[in-house]
Amino acid sequence: MAKRKKGRPGPPPAIEEDAPDLAVDADAQGSDETSTAVPVFGTSVDDGAEVDFTSSEARGTGTSRVPVEGRAAWKRLLRMSWPRATRANALGALLALLLGAGIAAQVQLTNQRGLDELSQTDLVRVLDDISLRSSRLDQQVRELESTRDRLKNGTGTAAEALEQAQKRVDTLGILAGTIAAKGPGITMRITDPTNAVTGPIVLDIIQELRDAGAESIDVGGVRVVASSFVGDRNGQIQIDGVTVPRPLVIKVIGDSKTLSSAMTIPGGIVESVRQKGAEAAVTESSLIEINSLHQPTKMTHAKPVE
């Protein structure tokens, strides 16, 4: 064992100051190479923004969110609102497309529906309406032929001839709208808050009523005759130049069952009006009075044949 020499102690051993720095640098370099930023849901890393997690603001709040203001905030909002091509979004778009195609096909099928698409109950009702109309017309033909034969053969009296002439005058007056009329029929009330029922639709209603055997028609207090015209002006319906008030009230004289069936038949007037967003109600009645009159126009070209 060596003995220590006595005397003044020597200088302390040199401290290697570079070693710790090199160790720290090596550790820092290793951590930089191996560590990567892991996205965290709900943080700024998740939405793609570059955030300094070592900033004083992030350390002060204790979170990784850093307030963003100005143009950067608008850019972030735009990125968040931009649609992303995810499986859920693709499935929702496909379902919406299929639903729209189905609705369009159903509407087109309803508009183009013919007799072959009607149910057995609807077909029976259509056949009954046609049979009633045919029977009524046949009865009128028989009565007119019988009257003609009696007057032609001279078997009828002068009083009977005068009575038949008066009936003929009354019939022509009702058809021309120059005299009031009453009888069984229907009343149709059309409620149209959006004014979707226009002049052409009202004209279709009048034509359908005539085909169903209507003998006298009144639309909103205006008598409708063969020469009547229907138009639109500033969203209002006009008949013979007279504005018709809404809701539309149409009074018709004729066979109430036939008229009602013609209006409510599947694919008919009532269904067409409802597709426009309006509501139509048909009421049958044993007595309908039409007091409105039509002012006949003077004929300037047509003359009776002598």
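## Report on the predicted protein chain

Leu94 is found in helix H4, which covers residues 87-111. In this predicted model, Leu94 has a relative accessibility of 43% and therefore counts as partly exposed, since that class lies between the limits of 20% and 50%. Together with Leu91, Leu95 and Leu98, Leu94 forms a nonpolar patch on the surface. The accessible area of these four leucines together is about 400 Å².

Ser261 belongs to helix H8, formed by residues 256-264. Is Ser261 buried or exposed? Its relative accessibility is 14%, so Ser261 counts as buried, the limit for that class being under 20%. The side chain of Ser261 reaches the backbone oxygen of Lys257 at a distance of 2.9 Å. When residues up to four places away in sequence are not counted, Ser261 touches Arg125 and Asp129.

The two residues are set side by side below.

Turning to the chain as a whole, the protein has 9 helices and 8 strands. Of its 306 residues, 23% are buried. Among the contacts with a separation of 6 or more, 70% are between residues 24 or more positions apart. The accessible surface of the protein chain comes to about 22500 Å², and carbon and sulfur atoms account for 58% of this surface.

Technical notes
Residues are numbered from 1 along each chain as its sequence is written. This is a predicted model: local features need pLDDT of at least 70, side-chain atom pairs count only at pLDDT 80 or more; totals for chains, interfaces and linings use all residues. Side-chain values use heavy atoms; hydrogens and water are left out. Helices (H or I, at least four residues) and strands (E, at least two) are DSSP runs, numbered from the N terminus. Buried means under 20% relative accessible area, exposed over 50%, partly exposed in between (1.4 Å probe, protein chains only). Contact means heavy atoms within 4.5 Å. Accessible areas come from the Shrake-Rupley method with a 1.4 Å probe; for residues, only the protein chains shown count as cover. A polar contact is a pair of N or O atoms within 3.5 Å; within protein, one must be able to donate a hydrogen and the other to accept it, and residues adjacent in sequence count only if both atoms are side-chain atoms. Patches are made of residues with over 30% relative accessible area and no salt bridge: like charges are joined within 9 Å, nonpolar side chains (Val, Leu, Ile, Met, Phe, Trp, Tyr) within 5 Å. A salt bridge is a side-chain nitrogen of Lys or Arg within 4 Å of a carboxyl oxygen of Asp or Glu.
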